[in-house]
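This report is written for a reader who meets the structure for the first time.

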Amino acid sequence: MIRALLADVRLRAWFYGYRAPERGAITLGQRRVYILPTRLGWLYGATLGILLVGSINYALQLGFALTFLLAGLGLVAMVHTTRNLARLTVSAGRAEPVFAGEAAQFRLYLDNRARFDRPAILVRHQASGAQVVLDLAPGAVAEAVLAVPAAKRGWLALTRVLLETRFPLGLFRAWSYVEPAARCLVYPRPERTPLPAPTPDAEAGAARAQAQGSDDFSGLRAYQLQDSPRHVAWKAVARSDDMLTKQFAGAAGIELWLDWTRFAATLDAEQRLSRLAGWVLAAEQSGARYGLRLPGCTLAPDRGDAHHAACLQALALYGIA
Amino acid sequence: MSMPHPLAPEQRAITPRDLAGLLAALVLVAAPHALRMPWWLTLVVLGLYAWRVRIALERSAPPSHWLVLGIALLAIGAVYLEYRTLFGRTSGIVLLVLFSGLKLAEMRTHRDAAVVAFLCYFLVMTNLLYTQSIPTALLMGLTLVVVTGTLVGLAAPRRPVTANLRSAGVLLAHAAPAALILFLLFPRVQGPLWGLPQDAYAGMTGLSDTMSPGNLSQLAQSDAIAFRAEFDGEPPPPRERYWRGPVLWDFDGRTWRMGPGWLEEFAAPRGGGRYDYVVTLEPHNRTWLFALESVARLPVRGRYTNDGMVVATAPVRARLRYDAASLARAEPVPFERPDSLRRALALPEGGNARARALAAGWRRTAPDELQLLQRAIAFFRDSRLGYTLEPPLLGPDPVDEFLFDTREGFCEHFSSAFVFLMRAAGVPARVVTGYQGGEVNYVDRIISVRQSDAHAWAEVHLPGRGWARVDPTAAAVPGRVDAGLARAVRAGDPVPLLMRPRLGWLRGLRSNWEALAHRWNVWVLGYGAERQRDLMSRIGMRDADWRKLTAAMASILGAFTLLMLGWSLRRLSRPDPVQRAWQAFCRKLGARGVARAPAEGPRDYAERAAARLPEAAASIRAIAALYIAARYGRAAARGRIAELARRVRELQLA
């Protein structure tokens, strides 16, 4: 029943003390920090009960002192466990795009603005179970990387994240939920198939270039910003101070069109997107200029990291946004 | 969801560090028990601990549950063989110590480690059954820090041990106020909730209800406190401090016994030299209470017997505090029942012929009882009997042997021989045991009476005067009652260490220590139902019953917890000193018209401000540099926060 109630957005917001997703830095107010005894805590309570009965039975005043000191310790542990989590500030970092089937690396930054350390804080992604335990030094920021499996292309939102601690005594468990506005772009799972032949409408230079063959190293030229790091001549860079880019005679002039319509009609949209993603990777590797043609979206032939990313993003978000 | 929970104690394996902490804690809690255990059981426990260390060093698997169960059964058997019971107090505790070693050996995860830590708390408590002294309390504090530090280490495995121990200290310090509230307000109930094991009161020392040659001199070698007395005003001089205890009537030739007695209505005697005092009696598991001769006012729950003893309604098993008053010069009460007088003349058939002959001689020549008594005292004074803590063993006629052969003994020999002679001469007499003397502590003026002050003397019944005290030891060895045991016994006797006259400085130290211990006994260990009611009425809570106390306790404790929570959260929300100083700096510049733009970094802002306010440019740049170093720099640069705050405070903008 509680689950049904929590399906209601407003009730949920009231119950958890926040409205998802949360933008910017989230500071955990104490209303959002829940606390309950752990199993060890109950065992501790039972021990105290026995100690108390013993003290009463044998009229041990020092026994009372011991029992009550331990009871006070339990109370203080409760306060300290809350304190270990309260007023912690959480913010989300950028998650680099991944391919479907890989794990998205969500980065959360836990900012401890207090003057004491906050040891043993568990950060756990509720849906996937990805988790990491962090120790925060006083005034320090720690990074939690949550590897969340990305099953489908599109935007993968970071859903509810649990923050939990049992420090200092393990008698209490304090926890809080955050749902930072973080998302990761998931490209379609690339399917490796041979690149298509250059299209008939390729420009004249393309045909000439193809005649020379592909992937032959033809020389070095000055580095330009859009050049892929894969083509940088790192050995040459190590010898001199200038950035140099390798030129490949064969591919440099080729222009490819990666076209949605090129596949057999039996292929469904996801399979087409997977093949296209594979082509984009292969084309970028070959150093050729390539364009992408999707229904309702065309990217002119180009190459380099920015173009590569733009093509993959178009594939990832095809039909979504 | 199927992932193992990394904070769950069941999931985390024991590290050598956890083991070291637990071992240290266990050694601390088991050591006091080990001193009371038979040596071979101590060895077994140490062996179990060593076994665990070996398992850790060799990284081998802990023993299987079956093996542990087998050893546990063996241990139970061994304890049964040693103590012939498993449910006594001592045997139960020994079993617990053994099980701590077994649990240590088989422990695998943090959960087991936490159970061992809780067991440590338990063992600390069991030690309190034997002693609750100040050193015990200090040891308890140390143990709590170690055990709690180990628990912190379990919760934060990557933190340094010193930080964990510091956390444990902080936690315990924060817990102390709550503990104090609970200690003062938790309603105390009188008496045990259920029956205690048979041996619960074993080991309490004190006078017994019998006296035979040797048992008093053995008791007198103990330095333990029997009771303490606080007088309103000056205490009586040492020679008048006769603390009356059990009265022994019946003699079988060797042992004196109390025999049957009954309670009587107490009639306060008349006379002068009144002393009012409070006695704090150590538990001795007997009913009698000690009071100076002659009692003028009974303690609140005290009763009075036919032979003038003051007794409680139940054996004294906890430290007991009572008020009493006595008269130094009470008027005699001449009346005594004839059957009591007959009892005070009874002697066993035969034996001790020489003593009987001596008494018969006195009886023939002395005109009345008083003269006869004087003869006897003169005999004791003149026959050069020796006073020793190590009296020679006596044969079948102990009185004869003491008086005429060995000629040395302790007060039990003196009093026994004296009463025997009196009875043989036809004067009703009885032995009285108790304590004589006691030492005034110069720190708090409280008189400590020790087991080494145990004494026995005689009372004779004279016509028209009633029972009168005669101390044959004092007659023979006058030093005993004036200067105490140590000066009275022969040189070379094993006098308790602190009774020796040359160790004056040590006695001074002891006086201070015992004054402290007395406070501890009265205020901490003596904080029972009565004292609680006293204290509550003094702070304005009349007739504090358990309902009122519980309500007060719950509300104060709740308020305390909320305060602590509020305080620690408030501390959290306060900006750190670096940020505070920087905000003050921005406010100062803002007042001079150089407000910081929201996106402006500290360096740019300082440059802009320096350009606008050239006379303060150097200070402004210095502050910005300090702020940058403190906020973003290495830890070393953070040490200069105070300088930053000072410079911001001193910044003068014309």
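In which loop of chain B does S294(B) lie? In this model, which is predicted, S294(B) lies in the loop between strand 8 (291–292) and strand 9 (295–297) of chain B. The peptide bond that leads from E293(B) to S294(B) is cis, and its omega is near -15 degrees.

Chain A has a cis peptide bond of its own, which joins F167(A) and P168(A) with an omega of about 5 degrees. P168(A) is placed in the loop between strand 10 (161–165) and strand 11 (172–178) of chain A. A further backbone feature of chain A concerns A120(A), which has a positive phi of about 50 degrees although it is not a glycine; A120(A) belongs to strand 6 (residues 118–125) of chain A.

| Helix pair | Angle | Axis distance |
|---|---|---|
| Helix 1 (residues 16–34) of chain B and helix 6 (residues 134–155) of chain B | about 160 degrees | 9 Å |
| Helix 20 (residues 577–591) of chain B and helix 22 (residues 617–632) of chain B | about 155 degrees | 10 Å |
| Helix 10 (residues 353–365) of chain B and helix 12 (residues 398–406) of chain B | roughly 80 degrees | within 7 Å |

At about 160 degrees, helix 1 of chain B and helix 6 of chain B pack with their axes 9 Å apart, and they are therefore roughly antiparallel to each other. Helix 1 of chain B passes helix 6 of chain B in a left-handed crossing. Among the residues that make this contact are L22(B), A25(B), L28(B) and V29(B) of helix 1 of chain B, together with L139(B), L142(B), V146(B) and V147(B) of helix 6 of chain B. By class, the residues of this contact divide into eleven nonpolar, four polar and two charged.

Helix 20 of chain B and helix 22 of chain B pack at an angle of about 155 degrees, which means that helix 20 of chain B is roughly antiparallel to helix 22 of chain B. The crossing of helix 20 of chain B past helix 22 of chain B is left-handed. Helix 20 of chain B contributes V578(B), Q579(B), W582(B), F585(B) and L589(B) to the contact, while residues including I620(B), I623(B) and Y627(B) come from helix 22 of chain B. Nine nonpolar residues, one polar and one charged make up this contact of helix 20 of chain B with helix 22 of chain B.

For helix 10 of chain B and helix 12 of chain B, the axes cross at roughly 80 degrees, so helix 10 of chain B is roughly perpendicular to helix 12 of chain B. The contact is made by A353(B), R354(B), A355(B) and L358(B) of helix 10 of chain B and by V399(B), D400(B), L403(B), F404(B) and D405(B) of helix 12 of chain B. These residues comprise six nonpolar, no polar and three charged.

**Salt bridges and the chain contact**

Side chains of opposite charge can pair when their charged atoms come close. Over all chains the count comes to 35 salt bridges. One of them links K103(B) and E106(B) at 3.0 Å, N to O; these residues are separated by about one helical turn because they are three residues apart in helix 4 (residues 89–106) of chain B.

Between chain A and chain B the count is three salt bridges. D135(A) forms a salt bridge with R158(B), with the closest N and O atoms 2.8 Å apart. The contact takes 60 residues from chain A and 66 residues from chain B, and the two chains bury about 5,900 Å² between them, 74% of it on carbon and sulfur atoms.

Definitions and conventions: Residues numbered from 1 in each chain as written. Chains lettered and ligands numbered in written order. Predicted model: local features only at pLDDT ≥ 70, side-chain atom pairs only at ≥ 80, totals over all residues. Heavy atoms only, no water. Axes fitted to C-alpha atoms, helices over the stretch in contact; angles between N-to-C directions. Helix = DSSP H or I, 4+ residues; strand = E, 2+ residues; numbered from the N terminus. Parallel < 35°, antiparallel > 145°, perpendicular 65-115°, else oblique. Left-handed = near helix turned anticlockwise from the far one by under 90°. Contact = heavy atoms within 4.5 Å. Nonpolar A, V, L, I, M, F, W, Y, C, P; charged D, E, K, R; others polar. Buried area = accessible area lost by both parts, 1.4 Å probe. Salt bridge = Lys/Arg side-chain N within 4 Å of Asp/Glu carboxyl O.
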